[in-house]
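Let us walk through this two-chain model together. Have the sequence and the coordinates open as you read.

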Amino acid sequence: MSPDFVIAAIMTVVGLTTPILLAALGELVVEKSGVLNLGVEGMMLIGAISGFAVTVFTFNPWLGVIGAAAGGALASLLFAVLVLGLNSNQVATGLALAIFGTGLSSLIGLSFTGRIVPVFGSIFPDALARHPYLKVIFGYSPIVYFALLMVPAVAWFLHRTRAGLILRAVGENDHSAHSIGYSVVKVRLAAILFGGAMAGIGGAYFSMVITPMWAERMTAGRGWIALALVVFAGWRTGRLLLGAYFFGILMALELYAKAAGFSFLPSPFWAAMPYLMTVVALTFISARESAGANAPACLGKPFLPST
Amino acid sequence: MSSSVPRLALTGITKRFPGVLANDQVSFSVGPGEIHALLGENGAGKSTLVKMIYGIMQPDAGTIRWNGEPVTIANPKAARKLGIGMVFQHFSLFEAMTVLENIALGMDATIPQRELEAKIREVMQHYGLKLEPRRIVSTLSVGERQRIEIVRALLLNPNLLIMDEPTSVLTPQEVDQLFVVLRKLAAEGCSILYISHKLHEIKALCENATILRGGKLVDTCDPRVETSRSMAEKMIGGNLKDIQRQPGAEFGKPRLEVSGLSVATTDHFGTSLKDISLTVRAGEIFGIAGVAGNGQNELLLALSGEVPTDSADAVRVDGVKVGRMAARDRRGSGLATVPEERNGHAAVPDFTLSDNAVLTARDRLGMVKGGLIDARAARTYAGEVIASFAVKATGPGAFAGSLSGGNLQKFIMGREILQKPTVLVVSQPTWGVDAGAAAAIHQALVDLAASGSAIVVISQDLDELLALCDTLAVINGGHLSPPMKVAEANIEDIGLLMGGIHGQTTAAEVAAAEGHIHAPQA
């Protein structure tokens, strides 16, 4: 394998990993607060189209990313109103959000099909970003660096800050948190909005960096992988990063299987690999009893304060 | 400290919930350094009242004065700011987190971890509380968990500490340790509002008592000059019934025989059962005393059939070997059990009472026909249980989780007792149940025994066992002591057996245990 090939492969893996890493980091925070939002796929798609649309109108990809975060957060707000305000079932509401987001993004996207948007310039000097070897470190979209920075940031927030402690407490025992005097609903609302914004940015990575153009259902199920990744990682940020790259490599295999000489299996098999691995990984993890130890105890349960 | 202005004064506090007047014109005051008891049966409005003092709820009418000044306590944070601390009956702890994190969550200000740890160690040193700040809460005993709550409250230097049923889950030794802390606090000028059902504790600890019934203040008294019985009667507003026994009843043939029962625990924090043998005859109530965590849960599970035993011979009901039978088959043989945990073990909170009745009574009472539940039979039976045990519920269709703890316990006990089991094994039958309901449950157990059943009562409440049982044994570290007749039992011996390998039993603690026993029965 030539160095060029290796560098191209690494850059592909990083690119494929970034959106699921972003969405999974957001979902991790949401789940740590005790809420299960299965609508990641829908929020990613709404983020993808919002980011794209804002960029089309403003010609500014930075504003586009903000628009994507806002779009994702707005979609998650709908979810939050239903599950926190009306105590609707989180699983059903999350699934509804996934379907709704897919449909809404397609509808909005109708008028944006075929449009082209300006892409991010590099935040590093060309000498680094376009260097044949150093580009493997410096040659990515700013969103990639943002995603990587968010890993330690989320870990630090959850385990080193008081707000993070409160968030984990709300996910661990909502009634206790309530009786101590914390607002379960406010904490969860903030977590859900953060999760929505992160999923939105993850989605925008498809429409603003990978292609960059709008196509229906362009996130192709990555929202579901992000969900599995949170469980796969056992709700730990470090493992989430490793898991995201594991899935990134599996996804890259589809593209590189032929080039790398893995032609002993047909290409659709490689395409199915990440999803297959999701099933296998989840089976192994749930078989291990200790896996649940780090799971938030209130995950998915509605909070109904007793009177 | 000897100011004439009460620290806390309530006047005309009224709180209404849909359909219930939870508090009706309640007025009382607590002076500085006073230990004040709040008494009342379940549903008398004690919890609602303290929730308003701690800012969890707002009164509909009435005023709260703090050091003479009228105040509005908008939320628990405001209460803590005034200097009001509260230790809840159900701990508001986070199991997966450390002691330190739990305490940090109870603080309103952000304190650097190291500083907080130093403060915690200082408070624990001062009050003689033992606790390791870095431990994960799920690994701690109930007593240790309560200490977290107490330390959390004490770190705020409270002027009023509210304790909601603090001893319902503690061992006698832990209760004594707690009282030492509370007396020291009071001596330092902190007022204490103490809620409990355990009247001998109130007598030992409190200077004043306010008694609530049906949301109204019905009486005040000085517990030191009352008897437990007189206070209990004030609470229920009538005469307390003694346990009625048939005099001179003889025991019949052995109905439950346990021999050489050993079960290795799979739980890291569990206790293995070691060669347990006991025989309970028809008409006999056999008590098993012991400090929590000495194998009581394991014994109940081994008897119920939830944990299988190696030998079919180990457990026999009326001579039938049931040792290798599953729980359902043991029920079929007449062995019914009531575990300690009401919600999730003895009953399914999200099921109706009639569905919960089906869960244990279906075979004995024929509630399932051709694979289908006979809903009418289940409803009728649940209704019967509700009526004969005076369960406060809207009917057989009420969800188990909607009942108060005491009412659910009455239902669960009634569900088993009305099935007339050959052998009934119950764990903590009156845990968290008020005096009136406890007396009803005790009477029902005595009546069941009189009708020829054999009963095993596992309890940490020595008073209860001594009042209820004919025979008593002590479980310690998975070993069961030889049985002794309650009428001839020596309290000091029981105390020493309970202390056992823990080696914490001092002369003072034995004396304290004696004090419990000599107190009149509630």
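Where is Arg217(A) found? Arg217(A) sits in the loop between helix 10 and helix 11 (222–232) of chain A; helices (H or I, at least four residues) and strands (E, at least two) are DSSP runs, numbered from the N terminus. The model is a predicted one, in which local features need pLDDT of at least 70 and side-chain atom pairs count only at pLDDT 80 or more, while totals for chains, interfaces and linings use all residues. Residues are numbered from 1 along each chain as its sequence is written, and chains are lettered from A and ligands numbered from 1 in the order in which they are written.

**Two residues with positive phi**

Most residues other than glycine have a negative phi. Arg217(A), although not a glycine, has a positive phi of about 50 degrees. With 13 other C-beta atoms within 10 Å, Arg217(A) is partly exposed. On this scale a residue is buried if 20 or more other C-beta atoms lie within 10 Å of its own, exposed if 12 or fewer, and partly exposed in between, with C-beta atoms placed from the backbone.

Asp275(B) belongs to strand 12 of chain B and is exposed, with 11 other C-beta atoms within 10 Å.

Chain A is built with 13 helices and 0 strands. Its radius of gyration is 19 Å, close to the 19 Å of the globule rule for 307 residues, so chain A is as compact as a globular protein of that length. Chain B has 17 helices and 23 strands. Here the radius of gyration is 24 Å, close to the 24 Å that the globule rule gives for 522 residues, so chain B is as compact as a globular protein of that length. The radius of gyration is taken over C-alpha atoms, and the globule rule is 2.2 Å times the number of residues to the power 0.38.

| Chain | Box of C-alpha atoms |
|---|---|
| Chain A | roughly 65 × 45 × 35 Å |
| Chain B | roughly 70 × 50 × 45 Å |

Of the 307 residues of chain A, 47% are buried; for the 522 residues of chain B the share is 49%. Two residues are in contact if their C-beta atoms, placed from the backbone, lie within 7 Å. In chain A, 78% of the contacts with a separation of 6 or more are between residues 24 or more positions apart. In chain B, 68% of the contacts between residues at least 6 apart in sequence join residues at least 24 apart.

**The nonpolar core**

In soluble globular proteins, nonpolar side chains tend to be buried together. The largest nonpolar core in this model has 232 residues, and Ala24(A) and Leu229(A) have the most contacts inside it. Such a core is a set of buried Ala, Val, Leu, Ile, Met, Phe, Trp, Tyr and Cys residues joined through C-beta atoms within 7 Å. Beyond its neighbours within four places in sequence, Ala24(A) is in contact with Ala226(A), Leu229(A), Val230(A), Leu240(A) and Ala244(A).

**Domains and strands of chain B**

The domain assignment, which is automatic or from a database, gives chain B domain 1 (8–236), domain 2 (254–334 + 421–518) and domain 3 (349–410). The centres of domain 1 and domain 3 of chain B, taken over C-alpha atoms, are separated by 35 Å.

An open antiparallel sheet of 4 strands in chain B has the order 12-11-14-15; two strands pair if DSSP finds at least two bridges between them. Strand 12 (273–281) and strand 15 (320–321) are at the edges, each with a single partner strand, so one side of each lacks a neighbour in the sheet. Strand 11 (residues 254–263) pairs with strand 12 of chain B over 6 antiparallel bridges, and Leu261(B) has Ile276(B) in strand 12 as its bridge partner.

Elsewhere, strand 16 (residues 335–338) of chain B runs parallel to strand 19 (residues 423–427) of chain B, joined by 4 bridges. Leu335(B) stands opposite Val423(B) in strand 19. Leu335(B) and Thr337(B) point one way from strand 16, Ala336(B) and Val338(B) the other way, and all are buried.

**Where the chains meet**

The contact between the chains takes 12 residues from chain A and 17 residues from chain B. Helix 3 of chain B gives the largest share of the chain B side, 3 residues.
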